[in-house]
Amino acid sequence: MRITETSDLWWKTAVVYCLDVQTYMDWDGDGMGDLQGLAERIDYLADLGVTCLWLMPFFPTTDRDDGYDITDYYAVDPRLGTFGDFVEVVRTARDRGMRVIIDLVLNHTSDKHPWFRAARRSHTSPYRDFYVWRTEEPPDTSAQVVFPDKEDSLWQYDDSAGAWYFHRFYRTQPDLNITNSRVRDEMLKIMGFWLELGISGFRVDAVPFLIDPEGVDAETKRAFGDPHDHLRELRSFLERRVGDAALLGEVNLPYPDQRAFFGGDDADELTMQFDFIAMQNLYLSLARQDARPLVRALKRRPRTARESQWGTFVRNHDELTLDKLSDQEREEVFAAFGSEPSMQLYGRGLRRRLPPMLDGDPRRLRLVYSLLFSLPGTPVLFYGEELGMGENLDIPGRLAVRTPMQWSNTRNGGFSDAAPSRLRRPLTEGGYGPAYVNAADQRTDPDSLLQFMRLLIRRYRESPELGWSTFQPLDQPHRDVLVHLCEVDERRLVAVHNLANEGRTVPFTVEGCAEGTVLTDLLEDGWSTRAGRGGGVELSLEPYGSRWLRVLVEGDRRLP
C-alpha cells in the first residue's frame with residue numbers, strides 16, 4: 001500500500017459522520033436546525049476528526065417521511081437556508097479537510113412533486129410514465145410492505161388518475177419508473193447538479209429498490225435488461241464528472257448479493273456499502289458476550305476489489321434492524337437491549353441508541369467503539385454518538401433517535417434559542433438529556449466519551465492498515481474475546497477485545513513476529529509488551545477491555 005493510495009481512494013480510511021441539518025444546530029432561532037448553524041459547527045467536527053460529512057435530505061419536502069419525501073430535487077428547503085448557505089457549508093468543510101456527501105433518494109418522490117401531480121392529472125402527460133401504473137386491481141402484496149403498521153399494499157388507487165400506482169414505502173411516496181429512459185436521464189442530471197456545487201458523492205438510499213423494475217409488466221421488464229446496468233451508469237457518470245467521488249449504498253441483503261452491488265471484481269457499481277450483517281451480529285455477540293457470531297459474519301464477508309470498501313457502523317438514522325438474524329437470535333438481542341415493546345419496531349428492529357442499550361456503562365461503550373474503528377472497513381458515525389446521546393421513546397417510530405444535538409446544558413441543550421414548544425423535535429430527557437450529556441462539558445473532561453472518540457479517530461487515521469486490511473482472526477482460547485490482525489504490506493496491528501464482564505488472560509501468536517518484537521498499545525500511553533518465542537504474546541485484559549497493538553519491527557520509523 002503506497003501512502004498516495006490513502007488519499008486517491010480517500011473513502012478507504014475516511015471517518016464518515018451522518019447528520020440531519022434540521023436537528024443539528026438552529027442558528028436563526030426558529031426551532032429548526034439550519035445550514036448556517038451547521039457551518040458554525042464545522043470546526044467542532046474537524047476537531048473530532050471527521051473527514052466526510054454525510055447530510056441527510058435537506059430538499060423541499062412535505063414532511064411525511066422526515067425529508068425523504070422530496071418535492072424538488074434541485075432546491076434547498078427554505079426553512080434550512082439557501083443555496084448560498086449550502087455552498088458555504090461545503091466550502092468550509094473542504095477548508096477543514098472534510099468532504100461532503102448528500103443523500104440521493106431516487107427510487108421515489110413525494111406525491112406532491114410536480115412530476116406526480118402532472119402524471120395523475122392526465123394519461124397523456126409526459127410525466128405519466130415517470131411512475132408505475134396499473135388499471136386492473138392489483139394482487140395482495142401485504143406481505144411485502146416495508147412499514148406494516150402504516151401500509152397494507154404496494155399499490156394505491158388514485159381517483160384523479162383512475163389507476164393504481166406502485167409504492168415501496170408509504171403511499172405518499174410513489175416509486176419512479178426506472179425502465180423509463182427519461183427518468184434515468186433525470187437522475188443523472190440531479191447528480192450532476194449537486195456535483196457542480198462541490199460535493200464528493202452520494203449516500204444512495206434503498207439501492208435494491210432503486211434499480212428494481214418491480215410493478216411493470218413482464219415485457220417491459222425484459223426490455224429493461226440487467227438492472228445493474230443502471231447502477232453502472234450512475235457510477236460511470238459520477239466518475240466522469242468528479243473522478244474521486246464515491247457512492248455509499250444502502251444495500252441490506254445477504255453478502256453474496258451485496259458483492260454484486262459493488263460490481264464484483266470490476267468495481268464499477270457502488271464504491272461503498274454498509275455492512276448490515278456484521279452490525280447485526282455485533283449486537284448478537286454483545287448480547288451473548290460471545291465473539292463468535294461477529295467472527296463468523298466477518299469471515300463470510302466476501303472479498304471485494306481493492307478500491308471497494310465496507311462501511312461499518314453500530315447505529316444509523318433508521319431503526320436498528322435485526323432482520324438478518326434468526327427469530328431466536330433476534331429475541332436474544334431484544335431481551336438484552338430492548339425488551340419492552342415500546343423499544344422495538346415492526347418486530348425486526350430497535351428504536352434505541354447504544355448508550356441506553358448498554359445501561360450507560362462507559363466500559364462497554366468504549367469497547368464497542370474500539371471494535372467499530374478496528375474492524376476492517378470505514379467507520380460511519382451518527383450524530384451525537386461521540387457524546388453518548390440517548391433516544392426519546394415518546395417520539396414515534398424511527399424518529400426516536402433523531403432528537404436535537406446536545407451542545408450544552410443550557411436551554412434546549414444549546415440547540416436553539418426558540419421556545420421549547422417550537423423545536424423541530426423534542427429533546428432527549430432524563431439521564432441522557434443535555435444536563436448530563438453534552439458537547440461543552442465533554443470537551444473539557446479528559447475522561448469523557450468525546451475525548452475517547454477523538455483518540456480512536458486519531459489512531460485510526462494514523463493506521464491505514466485498519467481501513468485497508470481484510471479480517472484475520474487469531475486463535476486464542478476464549479469465546480468472549482476477539483483478537484484480529486490488521487495487515488497491509490509492512491504495516492501490522494493486532495486488536496484485542498474482551499466482550500466479557502470478567503477479566504481474561506489472552507495468549508495468541510503473531511506469525512512471523514520475531515522474539516523480542518515490541519507491540520505497543522495505541523490506546524494507552526506507555527503500555528507495551530514483547531513477543532516471545534515463535535511470536536507468542538500473552539496479555540491481561542480487564543472486563544470489557546481492549547488494546548490496539550502496533551507491531552514495531554527493527555528500524556521502524558513510524559510513531560509508536
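Modeller: Let's start with the burial rule: buried is under 20% relative accessible area, exposed is over 50%, and partly exposed is in between (1.4 Å probe, protein chains only). This is a predicted model, where local features need pLDDT of at least 70 and side-chain atom pairs pLDDT 80 or more, while totals for chains, interfaces and linings use all residues. Numbering runs from 1 along each chain as its sequence is written, and side-chain values use heavy atoms, without hydrogens or water.

Colleague: Fine. What makes T23 buried or exposed?

Modeller: T23 has a relative accessible area of 0%, which is under 20%, so T23 is buried. T23 is in the loop between β1 (16-19) and α2 (35-40); helices (H or I, at least four residues) and strands (E, at least two) are DSSP runs, numbered from the N terminus.

Colleague: Which residues does T23 touch?

Modeller: Leaving out residues up to four places away in sequence, T23 touches G33, Y383, R402, T403, P404, M405, F415, R424 and R425. Contact here means heavy atoms within 4.5 Å. Y383 turns up again: R353 lies over its face, 5.2 Å from the ring centre.

Colleague: How do you know that R353 lies over the face of Y383?

Modeller: The rule wants NZ of Lys or CZ of Arg within 6 Å of the ring centre and within 35 degrees of the ring normal. R353, at 5.2 Å, meets the distance part. R128 sits over the ring of W133 as well, with its charged end 4.4 Å from the centre.

Colleague: Why is the pair of F262 and W310 called edge-to-face?

Modeller: Phe, Tyr and Trp rings (for Trp, the six-membered one) pair if their centres lie within 6.5 Å; planes under 30 degrees apart are stacked, over 60 edge-to-face, the rest tilted. F262 and W310 are 5.1 Å centre to centre with 85° between the planes, so the pair is edge-to-face. F262 belongs to helix α10 (residues 255-262) and W310 to strand β10 (residues 309-312), so the pair ties together parts 48 residues apart in sequence. F262 is buried at 1% relative accessible area, and W310 is buried at 4%. The count by this rule is 37 aromatic pairs, and ring pairs also link F58, F59, Y74, F83, F86, F193 and W194 into a cluster.

Colleague: How do you know that the buried residues of α5 line one face of the helix?

Modeller: The buried residues of α5 (residues 114-121) are W115, F116, A118 and A119. They fall within an arc of 160° seen down the axis, so they line one face; the arc is taken from the directions from the helix axis to the C-beta atoms. Their cover includes β4 (133-134), β6 and α6 (181-195).

Colleague: What makes β5 and β6 pair?

Modeller: Two strands pair if DSSP finds at least two bridges between them. β5 (residues 155-158) and β6 (residues 163-166) have 4 bridges, in the antiparallel sense, with Q156 opposite Y165. Their hairpin has 4 residues between the strands, and G162 in it takes a positive phi near 65°.

Colleague: What makes Y346 stand out in its phi?

Modeller: Most residues other than glycine have a negative phi. Y346 is not a glycine, yet its phi is positive, about 60°. Y346 sits in the loop between β12 (344-345) and β13 (349-350) and, at 22% relative accessibility, counts as partly exposed. Q289 also has a positive phi, near 50°, in the loop between α11 (276-288) and α12 (292-300).
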